[in-house]
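Could you take me around this structure, one selection at a time? I have it open in a viewer and would like to know what to click on next.

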Amino acid sequence: GEGIRVAHRLRETHADVGVVVLSQFAEPHHGAALMANGAEGRAYLLKDRVHDSRELRTAIEIVARGGSLIDPR
């Protein structure tokens, strides 16, 4: 929840800052909560499913371009 709260605060204060949340919670409401105020520049990934630095780098690049990503699990 803390990362999602920070993401919402950043949306209010620094709308151009992207956020990639790495979480241990595979519950849809967490990802939905992150995207509730707009999905642009947001990603919700599960820690145990990010297996190498290329996956994380790809997520960061997507978010930096204003895109979004959510773990399908």
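Start by selecting Leu46. Leaving aside residues up to four places away in sequence, Leu46 touches Ser23, Phe25, Ala26, Asp71 and Arg73. Keep in mind as you look around that this is a predicted model.

Next, pick Ser23, one of those contacts of Leu46. Ser23 belongs to strand E1, which covers residues 19-23. Is Ser23 buried or exposed? Ser23 counts as buried, because its relative accessibility is 8%. Its side chain reaches the backbone nitrogen of Phe25 at 3.0 Å. Show the surroundings of Ser23 too: apart from residues up to four places away in sequence, Ser23 touches Tyr44, Leu45, Leu46 and Lys47.

Now switch to a cartoon view and find the sheet. Three strands form an open sheet in the order E1-E2-E3, with parallel pairing. E1 and strand E3 (68-70) are the edge strands, each pairing on one side only. From one strand to the next, the twist averages 20 degrees. Zoom in on E1 and strand E2 (residues 42-46), which pair in the parallel sense over five bridges. Here Val19 stands opposite Arg42 in E2.

Helix H1 (residues 2-13) lies across E1 and E2, and runs at about 170 degrees to E2. Helix H2 (residues 28-35) packs on the sheet and touches E1, E2 and E3. The direction of H2 makes about 165 degrees with that of E2.

Which residues make up the largest nonpolar core? Select Ile4, Ala7, Val19, Val21, Leu34, Met35, Tyr44 and Leu46, eight residues in all. At least two residues of this core come from each of H1, E1, H2 and E2. In soluble globular proteins, nonpolar side chains tend to be buried together.

Finish with the charged side chains. The structure holds five salt bridges. For one of them, select Arg73 and Asp48, where the closest N and O atoms are 3.5 Å apart. This pair links distant parts of the chain, 25 residues apart: Arg73 is in the segment after E3, and Asp48 is in the loop between E2 and helix H3 (53-64). Both Arg73 and Asp48 are exposed.

Then move to Arg57 and Glu61, whose side chains meet in a salt bridge (3.8 Å, N to O). Arg57 and Glu61 are four residues apart in helix H3, so about one helical turn separates them. Arg57 counts as partly exposed, at 47% relative accessibility, and Glu61 is also partly exposed, at 38%.

How values were computed. Residues are numbered from 1 along each chain as its sequence is written. This is a predicted model: local features need pLDDT of at least 70, side-chain atom pairs count only at pLDDT 80 or more; totals for chains, interfaces and linings use all residues. Side-chain values use heavy atoms; hydrogens and water are left out. Buried means under 20% relative accessible area, exposed over 50%, partly exposed in between (1.4 Å probe, protein chains only). A polar contact is a pair of N or O atoms within 3.5 Å; within protein, one must be able to donate a hydrogen and the other to accept it, and residues adjacent in sequence count only if both atoms are side-chain atoms. Contact means heavy atoms within 4.5 Å. Two strands pair if DSSP finds at least two bridges between them. Axes are lines fitted to C-alpha atoms, for helices over the stretch in contact, and angles run from 0 to 180 degrees between N-to-C directions. A nonpolar core is a set of buried Ala, Val, Leu, Ile, Met, Phe, Trp, Tyr and Cys residues joined through side-chain atoms within 4.5 Å. A salt bridge is a side-chain nitrogen of Lys or Arg within 4 Å of a carboxyl oxygen of Asp or Glu.
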